[in-house]
Amino acid sequence: MELSENRLERAQGPLPIRPGPDPAFGDARRLPRIAVLGAGHSGPVIARVAIDAGYSVAIAASGDPDRISLIAEILVPGAKPRWAADAVAEADIVVLAIPVHRFASLDSGLVAGKLVVDVMNYWPPVDGMQAMFEDRRSGSSEIVQRRLARSTVVKTLNHIGYHEIDDQRRPVGSSDRQALGVAGDDPEAVRVVADVIERIGYDTVRFDSLRAGRLLEPGGPVFELGCADPISSGPFEPRRPSFAAPTPPLIPPDSRSRRTRKMPTPPLPAFPLILGLDTFGDVTHDDKDRPLSHAQTIRNLVDQGVLADQVGVDFFGIGEHHTDDFPLSAADVVLAAIAARTDRIRVGSAVTVLSSDDPVRVFQRYSTLDAVSGGRAEVILGRGSSIDSFPLFGYDLADYEELFDEKTNLFAELMKGGPVSWEGRTRASLHDQDVVPHPEHGTFPVWIGVGGSPQSVIRAARHGFSLMLAIIGGSPARFAPFSELYGRALESFGRAPLPVGVHSPGHVAATDEQARAEFWPYYLEVLRRFSRIRGFAIPTEESFLHEIGPGGALHVGSPETVAQKIAQTLKSLGASRFDLKYGMGGLSQGALLANIELYGTQVIPRVRELMA
């Protein structure tokens, strides 16, 4: 689609930004009230930045608001958890931050007569095929508008990572203030929403139709860019405020981004420091950069695990995947092979996609692994950020949340020991069923992997499972509220403190320069490929350098560089465990073995010194 001048309102002189109340809502004394529907990844972040900017915000999820009261208290202080109908009734603006596969079940009457901000993206590899959104002649927000015919829909906040919404906002006049697109058919609605975006910390690029809003969706040029460059020129030039007299920042100075806000430092952990390695079993290449077979990749992986044991690594984990790039569909079998050749290192999943597996079989497999390893097994359970296992095993993504919730409940019952009775909707019931083999020591460690869902943090605490934070992009410090939420949730369930761990990607080489040179080309290629599947922005060298710096999630560099960053990450989150996700599709076996040796012999001892 061509972008013509009449689709984009450019900045020409002073803009009608209202740093104070908006008279469009009939009361010049107040800002519009906002209701956020969704308490998953993006909902709490949007609510938080809106509150920081002075808005009154209610947040709602499906069901009883008591379910999200602790999430609101810790992650969104100032937000009011409400029943969805009550939150919407009192709101002027409704932010739709629910999974796309749940949209079909939304009652359109709930938001009738409201200005609805659609922050959703339809991405079939993630959401599964949704018949409603398969009309290729229309953008997803056009389809949302047709279904919500009595509402006014505006598209925005969908082409920026949920964690970046907070991290990247800046006051008016900042040289690095970025821009977000805002699209809608109603000019006044676009203005109102754009004012909100500008007030929370971004310039805006305003599109005059939802059809033009397709540019903001996956596959469109604005989506590929993420936030527009604040000093760009050409068709995506943002609206830059230009005031004749100085204007107070739209973000109050004492409530700006958490990147600069004074945050409480989580208490140092009272648990033993664990430093491990995780891998997804990326297909390795030979010395001529030719991909090896799946069989050779798996054999190489066993050798990597054995070396990790020899050089002093505490834990070796394998993440479940079912693709040509990651042929590790039976991680427990590979882990058993590693256990048979090692004596000390703990072995486990990183993660097991419980949603598409049978909890009984997962328990049996890892209880068996615990037996053959002499009590060294553990399991990290996840919902599945990669959803390739769902169609493979015949699961509907519309049941994504229910599958994980029910199956985690059953797994928790299995871990209690003794005969199990359980009923649910996602598998056959159990009645006083003995499940074997029984773990030799009664139990083995269980973690819940969390990539950004506060509901999963609460779930881990409810069941007494440890928390593993999967941080693959952005500042690790933004997860500090999750550590606090976890601790408070454990208290509310009457449980003793449990450890918090971190899983983050990286690569270690003799020097910073060598590590970057080895890692960057393959990182770029993998992210470029996954951007077509998962909607990731394609990294640039500039964004890569940011991610390997103090404010990013990548732990890439010399042993000293990586050790310093790991220690910083652990301290900022109050965590006692760090698992480096090593490897990147295309790296050679030699580079991976060198990474493991340096991690075990130099990084781990140095981190222990820094954390002592």
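## Exercises: salt bridges and cores

Asp405 and Arg459 form a salt bridge (a side-chain nitrogen of Lys or Arg within 4 Å of a carboxyl oxygen of Asp or Glu), with 3.3 Å between the closest N and O atoms. This is a predicted model: local features need pLDDT of at least 70, side-chain atom pairs count only at pLDDT 80 or more, and totals for chains, interfaces and linings use all residues. Residues are numbered from 1 along each chain as its sequence is written, and side-chain values use heavy atoms, without hydrogens and water.

**Exercise 1.** Classify Asp405 and Arg459 by relative accessible area.

*Solution.* Apply the cut-offs: buried is under 20%, exposed over 50%, partly exposed in between (1.4 Å probe, protein chains only). Asp405, at 29%, is partly exposed. Arg459, at 8%, is buried.

**Exercise 2.** Examine the salt bridge between Glu188 and Arg191.

*Solution.* The N to O distance is 2.7 Å. Both residues lie in helix α7 (residues 187-200), three residues apart, about one turn of the helix. Glu188 is partly exposed at 39%. Arg191 is buried at 10%.

**Exercise 3.** Find the residues with the most contacts inside the largest nonpolar core.

*Solution.* A nonpolar core joins buried Ala, Val, Leu, Ile, Met, Phe, Trp, Tyr and Cys residues through side-chain atoms within 4.5 Å. The largest has 141 residues; Phe316, Leu381, Phe411 and Tyr599 have the most contacts inside it. Helix α19 (residues 589-611) gives the most to this core: nine residues.

How values were computed: Helix = DSSP H or I, 4+ residues; strand = E, 2+ residues; numbered from the N terminus.
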